[in-house]
Every structure is written in structure tokens, then in C-alpha cells.
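This briefing is intended for a reader who is meeting the structure for the first time. Please keep the sequence and the model at hand while reading.

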Amino acid sequence: MKKSLKGYLEAFLFLFNILLVFLLIFENYIQIPLWMFPLGRLHPLVLHFPIAFLLLLLLFDAFRPRFEMEVEHFVIKYSSHLLLIAVFVTTASAISGLFVSQEEGYDPESVNWHKWTGSGMSVLGYFYYVFRTKIEANKMVQRFATFGLIGLLLITGHLGATITHGENFVFESWKPQSVVEIDNAEVFTDLVQPIFEEKCVSCHNDKKTKGELKLNSVANIKKGGKTGPLFEGKDAEKSLLMKRIFLDIDHKEHMPPKGKTQLSLEEKQILKWWVQKNAAFNLKVKELPKNDSLYNLAQKRFTKSTTEEKYDFKKASAETIQKLNNEYRVISTLSKTSNALEVTLFNSKFYAAKSLEDLTEIKDQMVTLNLSKVPVADKDLKTISQFKNLRHLNLNFTKISGKDFGGLVALPHLKTLDLGEIKVYLKSFRDFLKKSKNLKSVSLWNSNLSKAELLSLEKEFQNINIIKGKEENILKLNLPFLNNKPVVFKDSIDLKIAHPIKNVTIRFTTDLTEPDSLKSKIYVPGKTVLQKTTTIKAKAYKTGWMGSDMATFTVFKNHYKPDSVVLLSKLNRVHPANGSATFFDQVFGTFNANSPAWANNWAGFRNNDMELLMVYKNPTSVSEVSINLLIETETGIYPPQLIEIWGGTSEKNMKKLGTSKPIQPKQSTKPFMQVASCKIKPFKGTYFKLVAKPFNVLRDGKPNPALFLIDEVFVN
């Protein structure tokens, strides 16, 4: 190594260690800039080099044999160069680790131990490099130093692995697997929970809580995380859990993240069908209908299931399966030992007849075909009839006319057929059932057949399970939406409410009461002018439709925007927003997990008061200051407990003008936005200071400051 390069590395190594010690001592008093956070996320990439290299070099020093003088000099010289590089990267890894530890979602105790052992490893490694020659003079001291550093290195690595993968990750596979019989199996305990434990809990546990979400207990799963509950109601496709696991793998919010072991198609289906059953935690597998998709999957997994069907066809090549798999068509094997394939088509926008025709390459191996919500037409049934080994066919919500199912008679092994929301012609369908020798189950819910016709089919074909049912076809209207842009005004604003469907009636209120369909004021464009900050609640109504849910939106009056703003206190490290510019930029945060505004536009305070100095060039008479807050007590986000307004003619000559205490939620709440105001006697000044103090909540019997989030300030 050239002398100049070695000198530079040694100098930077010394400076890096000074920086590391400085960060350790003053980490609670400094704010890591947002642009440096990506450096912290390099920590997992950087740390593997020093772990392996340092371990080898330390073992080499501990057991280094004696060489001839020239060889000894060469070995010492170049091992010293390698040690310098290893210690340098160790220090860089420690600094990046300090950066990433500033992010929330990790157990503080585990991170604290890992932080101090890792930093200790860096500092002691530096001293070992500097004094290596003197240490080697005494064999006992050398052994003590090398084995001490090796022990510290292993402890640091173990603590890091615990944070990343959870406790007992290495030996978890040794745990005996309990044998479950299908009659005793529970859907959540024996189907769903194992998926969470294998693919999710390593990042969502008591020690590591990404997104404030824990998946290690029923209570935590029900609670959800920072972005809300995992599921609400029975609409699986709209639930947060489903959105995350079905996102493209390259999407930053896809779960599990890219690089982690991904969910299989079968695991995704289990989670989806479980959520569709209202995410029941006590549902037993034996309570499911025998033709239920979830029951069929359970049969594969438990000991007292039907013997796996043996197939005499050849296995499809991995290259063929890989070629046919794409973003709208998923092909997977039924099990690790099976040659049979199941195929699911997604996304109706990308569907074409060729999507099915391509599958003729695996026509002998395909036993399950799911075409639900794909615009398959009658002409496509001819292609499907070529899949001779098909056992299960799902045609729910497709575009087939239902006039002729004759082509499906060519499927000699077909056992289950799903025809939900399909019009069925009784005569031709009866002929099809007569010719289908192996058919065991047909779904006909929401078909055009009358109750009497369905009963006649049940009576005639007693060997076939006819699944019937009707659901309400009345659709619910979308939410009305606020059409004012921007929503912040100086003197007055003409209220604009709109709806995507024509000829709806919108009723609204401005007194925080819920609008109804009879008495509430009807919105008429151009007839409502607002002159103060107002919260509007609105619903949409139309004959033949279900009324919409209630929409809530607010317009904000901000008469006196300051000429300059200075933030005097420290922002929460996870919610720095745009610094002091955040409070008057008219860019609002949201509580939608799929919106960047969730993280980017909320300024957060937790361990210190918010102090915001507002300066006006000319004396300004102020009588009220308001702040827009995000409240979500489920995840520990509360309003501040106290707001103070100070005013004067200079920064050093200000007095307290008034205080207010925002109303605190009395029960656990889902996210909502709220305006908190502090009214004062009109005061004319050029300097005003807004102070907000965090609310203390009890945790483990001790008061702790809660996080509060602000996106805008309004001065009137």
C-alpha cells in the first residue's frame, strides 16, 4: 500500500472514530439530516466485510507461526495493511449503524446493546491497530486482546442478527413440528399464524417493530400498525394486508420487502381467503364448507387429509414455468413433490385470448385454473377444453354467456366449477351436468336461476354439491370530494364539493354533525361562501343507490402569513418534514399508507417542546393561532397537552399572550385530523412565538411524552 494512501486512511480512521464517539455522546442533542438516512441503510451491506475479515486477521494474529526474518517482515507489513482496511470499514459500519438506529421500529434495548458493542468494537479495533506492535511483544497480552476482540465481534454480530431476524433465529428450525389433524385444526392458528411466523415476524416483533406493527400475537395483529389496521370488513382486496402483499415486488411498500423470502401463491391465497372470512381467529377448519377453497388447502397441509392424488403425467420443465410466469399470470406447483400445476390469471386490463393459449405448453400438468374477474369469453372455453387434466376451474365474474357449457364436458377429471355471477340457461346447464361424470361441486351464487330451479337441480343431481345464494346488488355511492384548490384562503372561499357520478344529491353540514338524507343542507354550487376555518361533513345520495359513507374535509383561513419563520426546537427524527418551511407551505400530510405525504409532510415532536418563531416586517394584530394535527392514539399519536402564544416587538422582548389545552381523545382512535386553536386578546406585534408541549401518556405506570404531528399553522 502506498505511503500516502495509508496515511490518508489512518487520518480518516482517526477522524471517523472521533466522529463516532461524538455521535455516541451527543446523539440525543443532534438531528441527523434526512439526506444522511440512506447512509444508515447501507449498514447491512457494509458490516459483512469487517465481520469476516477481522475475524480471520485476529485468528491469524492469535495463532501466527514463526517465519524467517524476510517472510516475517512481509507478513507483518501486509497483514497490517489489511487490518487497517478492516478496521476502517468497521468504523464506517458503526457510524452507518448509528444513523439507521435513529429510525423508529426497533426495540430500544436491543439497539442500545448492539450500538455500544459495535462502537466498542470500532474504537478497540482502532487501538489494536495503532498499538499492534507493542501488543505482539507479549504473547499473553496478544492472546487476551485478540480473543477479547473476537468475543466482542461475535456478540455484536449476534445482537445485530437478533434485531434483524428475531431471537433464536438460528435454532428455531430445531423446534419439533406438532402434528395437526384436520378435525382439530384452526384456520388462524394452524394456517395463517405459521405464515406470519415464517415470513413476517422477523421484522414485526417486540424487538423489531417496523411500521409499529407486531405480528407475534392475536392482540397485536388486531391492533395493526402506524398506517392502520391490517383489515376491515370482508373486502380482502381493499385491506391493507392484501394491498401490501400483492404489490409488485419492486414497489417500496411490497411486503415482505424485496430481498426477503417471499410469500408463495398458496400463502397469499390463504391470507386472502382468511380475510374474506372476516379474519376470524377462532374459526375451525371443519366448520368450513367441504368445497371451500380454504378447506381444500387445509386438506393438503394436515395429516388427516385425503391422500394426495397421484398423477401419471410428466413434470413441466422449470424453464417453461419460468417463461410463462409474469406479472398477470402466476404458475406454481401444488406441492414440492407434485408434478401438478395451479394457474391464476390477474389484472383484467392485460388479459387477451393469448394469455390462455400460451398455457397449452403445460396443458397436461395443469389441474387448477383460476380465472376469477378475468374477461374470459365463450370462445375461450375451446382453449380451456384442451386442459384435459383440469380438476378445478374458477369462472366467477367472467364474461361467458352461460348458453353452452358443452366444451367443458371434454374435461374428464373436472371436480369443481365456480360460476358466481354468471347467467345460466337451465336446459343446457342440466345437459352439461348429466354428461359430467366426475363433477362434485358447482358454485351458482348470484345466478339468474330461481330458487325453485336451483332446488330442482339439487334434487336431480344429489351427487353434486350445488352452492347457491343471493347478495344485494344495490351499489354504494362513492364519497363526495372537496374540489377547492388550494384549501387555505386569506379572507373567504367559495365552497366546491363534487362527485364522480352525475346527478347525485350532496347534503352537508358545517357544525360537525353528521348529515342525513332529509334535513341536512343540499349543496348547490356557488351558494356557500365560508369566511373562517370550517370542517365540512358531506354524504352523497341518489335514487337506486345506497348513500355514500360520510366524507370529512376542512378549509383553512390563514390571514397573516409570516414574512419569516424560524424553528427554535428539534424535530422528531422520523418526522422532519421540510423543517421550518413545513408550517406555511400549504402542503398537507395525510394518513393514507400509500401516500408519500404520510411520512414527508408531518413535522413531529416527542421529547421536546415545539417552539416556532414567526416574524412580520410590519406590526400585525393577531387574535388566534391554529395548528392542524394528526391524531391516532392507536399508534401513540396525541394532540399536544398545551399550546402557548407569545408576542412582542423583538425576539428578546416577548410575553405570554395566552394558552389553550387541546381536547384529548378518551379512547383508542383510528387516524383523523383535527385543528387546535389558541385564542388571545388582539395583540399588535412583529414577533410571535408558538409553543406546543407533548402530552404525557402512561406506559408501564410511568408518564412518557407522546408524539404529536403538525403540518400547517394558521394565524388570524
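The structure is a predicted model. The largest nonpolar core holds 44 residues, and a search of the whole structure finds nine salt bridges.

- Strand β6 (residues 441-443) pairs with β7 in the parallel sense over three bridges, and S441 stands opposite N465 in β7.

- Five bridges join strand β12 (residues 505-509) to strand β15 (residues 534-541) in the antiparallel sense, and F508 stands opposite A538 in β15.

**The nonpolar cores**

- In soluble globular proteins, nonpolar side chains tend to be buried together.
- Within the largest nonpolar core of this model, L369 and I384 touch the most other members.
- Elements that give two or more residues to this core are α14 (318-324), β2 (341-345), β3 (366-370), α16 (381-384), α17 (426-435) and α18 (451-460).
- The largest share, four residues, comes from α17.
- Residues up to four places away in sequence aside, I384 touches L356, L369, L371, V376, L390, L393, L395, L408 and L411.
- A second, separate core has 32 residues, including V201, V275, A279 and V285.

**L393, a buried residue**

- L393 is found in strand β4 (residues 392-394).
- Its relative accessible area is 1%, so L393 counts as buried, the cut-off being under 20%.
- L393 and N370 are 23 residues apart in sequence, while their C-alpha atoms are 6.0 Å apart in space.
- Neighbours within four places in sequence aside, the contacts of L393 include L369, I384, T416 and D418.

**Salt bridges**

- Side chains of opposite charge can pair when their charged atoms come close.
- K284 forms a salt bridge with E186, with the closest N and O atoms 3.6 Å apart.
- K284 lies in the loop between α12 (265-276) and α13 (293-301), and E186 in the loop between α8 (139-165) and α9 (187-199), so this pair ties together parts that are 98 residues apart in sequence.
- Both partners are partly exposed, K284 with a relative accessible area of 26% and E186 with 23%.
- E514 and K539 meet in a salt bridge through their side chains (2.6 Å, N to O).
- Because E514 lies in the loop between β12 and β13 and K539 in strand β15, that pair ties together parts 25 residues apart in sequence.
- K539 counts as buried, at 14% relative accessibility.
- K693 and D609 form a salt bridge whose closest N and O atoms are 2.9 Å apart.
- K693 belongs to strand β22 (residues 672-693) and D609 to the loop between β18 (603-605) and β19 (610-631), so the pair ties together parts that are 84 residues apart in sequence.
- Salt bridges that share partners join R329, K354 and D358 into one network.

Definitions and conventions
Residues are numbered from 1 along each chain as its sequence is written. This is a predicted model: local features need pLDDT of at least 70, side-chain atom pairs count only at pLDDT 80 or more; totals for chains, interfaces and linings use all residues. Side-chain values use heavy atoms; hydrogens and water are left out. Two strands pair if DSSP finds at least two bridges between them. A nonpolar core is a set of buried Ala, Val, Leu, Ile, Met, Phe, Trp, Tyr and Cys residues joined through side-chain atoms within 4.5 Å. Buried means under 20% relative accessible area, exposed over 50%, partly exposed in between (1.4 Å probe, protein chains only). Contact means heavy atoms within 4.5 Å. A salt bridge is a side-chain nitrogen of Lys or Arg within 4 Å of a carboxyl oxygen of Asp or Glu.
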